[in-house]
Each structure stands twice: as C-alpha cells, then as structure tokens.
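Subject: Structure handover

Hi,

Here is the structure for you to look over. My notes follow below it.

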Amino acid sequence: MGMLMAVMSAVQSVNAGKAQEAAYKRDADRESFAAKDKEIARKKRLVAALATQNAVRGAQGVRSFEGSSLNMMLQDVETFEYDQDMGAANLAMTRQSLLESGKAARRYGVMSATNTLMGAAERATAIG
C-alpha cells in the first residue's frame with residue numbers, strides 16, 4: 001500500500017510540474033500579446049504626433065519636411081524606434097525568464113517524484 005501511495009504521489013508531482021510549466025508558458029504568451037498592444041499604442045502615438053506637427057506647420061505656412069519640422073519628425077521617429085527596441089528586448093527577457101521558470105518547475109516535479117519513489121523504495125527495503 002505504501003508503494004502505491006508513493007507512485008500516486010510521484011505522478012502528482014510530475015503532473016504539478018507540467019501544469020506549472022504550462023502556466024508559465026501561458027504567461028509568456030500573454031506577455032507577447034501585451035507587447036503587441038503596446039507596439040500598436042506606440043505607433044498610434046507616433047502617427048498622432050506627426051499628424052499634429054504637420055497640421056500646425058501647415059497652418060503656419062511651413063512645409064512639413066523642412067528645417068525644424070523635419071528635425072521634430074526625425075526625433076519622434078527616433079524615439080519610437082528606441083521604444084520599439086526596448087519593448088522587444090524587455091519582451092525577450094520576460095519570455096525567457098518565464099519559460100525557464102516553467103522548465104525549472106517541470107524539473108522540480110520530476111525530482112520530487114524521484115525522491116518520493118526512492119524514499120518509498122528505501123523504506124520498503126528496510127522493512128522487508
């Protein structure tokens with residue numbers, strides 16, 4: 001009976017590790033979706049800033065792609081590109097961390113199961 005309980009406990013440990021790994025993977029996927037939403041928001045802000053600048057300069061009779069107007073637009077695009085790069089780097093680090101945590105949880109489940117079975121086998125050997 002003791003060995004049966006140990007096997008059942010070991011199976012539960014392995015399954016718990018797999019479930020935790022799957023949860024971390026879902027979290028990583030959610031981070032990807034959130035990053036896409038942030039990217040869309042950044043693009044909208046860039047387009048709005050450029051449109052506003054063009055409207056103001058047009059009302060002032062200044063050409064859109066000359067002088068300080070061009071510099072402002074280039075600065076906005078540069079800031080956008082920096083934000084995009086930082087967002088991608090942060091996403092990569094977060095996803096990697098979550099996926100590694102999931103792998104560690106799965107390994108922990110297997111190690112816990114192994115320890116449970118070895119302990120049960122040791123007790124069974126000591127008894128009999």
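Helices here are DSSP runs of H or I, at least four residues long, and strands are runs of E, at least two, numbered from the N terminus. The side chains of Lys 43 and Glu 39 meet in a salt bridge, 3.2 Å from N to O. A salt bridge means a side-chain nitrogen of Lys or Arg within 4 Å of a carboxyl oxygen of Asp or Glu. Lys 43 is partly exposed, with a relative accessible area of 40%. Glu 39 is partly exposed too, at 27% relative accessibility. The cut-offs: buried is under 20% relative accessible area, exposed is over 50%, and partly exposed lies in between (1.4 Å probe, protein chains only).

A word on the source. This is a predicted model, with residues numbered from 1 along each chain as its sequence is written. Local features need pLDDT of at least 70, side-chain atom pairs count only at pLDDT 80 or more, totals for chains, interfaces and linings use all residues, and side-chain values use heavy atoms, with hydrogens and water left out.

Overall form

The chain has two helices and zero strands. Its radius of gyration is 28 Å, well over the 14 Å that the globule rule gives for 128 residues, so the chain is more spread out than a compact globule. That radius is taken over C-alpha atoms, and the rule is 2.2 Å times the number of residues to the power 0.38. The C-alpha trace spans about 95 × 15 × 10 Å along its principal axes. Of the 128 residues, 17% count as buried.

Contact means heavy atoms within 4.5 Å. The accessible surface comes to about 9,000 Å², and 61% of that belongs to carbon and sulfur atoms. Areas come from the Shrake-Rupley method with a 1.4 Å probe; for residues, only the protein chains shown count as cover.

Salt bridges

There are six salt bridges in the structure. Glu 21 pairs with Arg 106, the closest N and O atoms being 2.8 Å apart. This pair links distant parts of the chain: Glu 21 is in helix H1, Arg 106 is in helix H2, and 85 residues separate them. Glu 21 is partly exposed at 22% relative accessibility. Arg 106 is also partly exposed, at 32%.

Asp 29 and Arg 95 form another salt bridge, with closest N and O atoms 3.4 Å apart. Again the link runs between distant parts of the chain, from Asp 29 in helix H1 to Arg 95 in helix H2, 66 residues apart. Asp 29 is partly exposed at 28%, and Arg 95 is partly exposed at 23%.

Two buried glutamines

Gln 53 lies in helix H1, which covers residues 2-60. Gln 53 is buried, with a relative accessible area of 13%. Its side chain makes a polar contact with the side chain of Asp 76, at 2.4 Å. A polar contact is a pair of N or O atoms within 3.5 Å; within protein, one must be able to donate a hydrogen and the other to accept it, and residues adjacent in sequence count only if both atoms are side-chain atoms. Leaving out residues up to four places away in sequence, Gln 53 touches Ser 69, Met 72, Met 73 and Asp 76.

Gln 84 is in helix H2, residues 67-127. Gln 84 counts as buried at 16% relative accessibility. The C-alpha atoms of Gln 84 and Gln 96, 12 residues apart along the chain, are separated by 18 Å.

Nonpolar patch

Met 3, Val 7, Val 11 and Leu 117 make a nonpolar surface patch of about 300 Å². Patch residues have over 30% relative accessible area and no salt bridge; like charges are joined within 9 Å, nonpolar side chains (Val, Leu, Ile, Met, Phe, Trp, Tyr) within 5 Å. H1 gives the largest share, three residues. Met 3 is found in H1, and is partly exposed at 41%.

Best wishes
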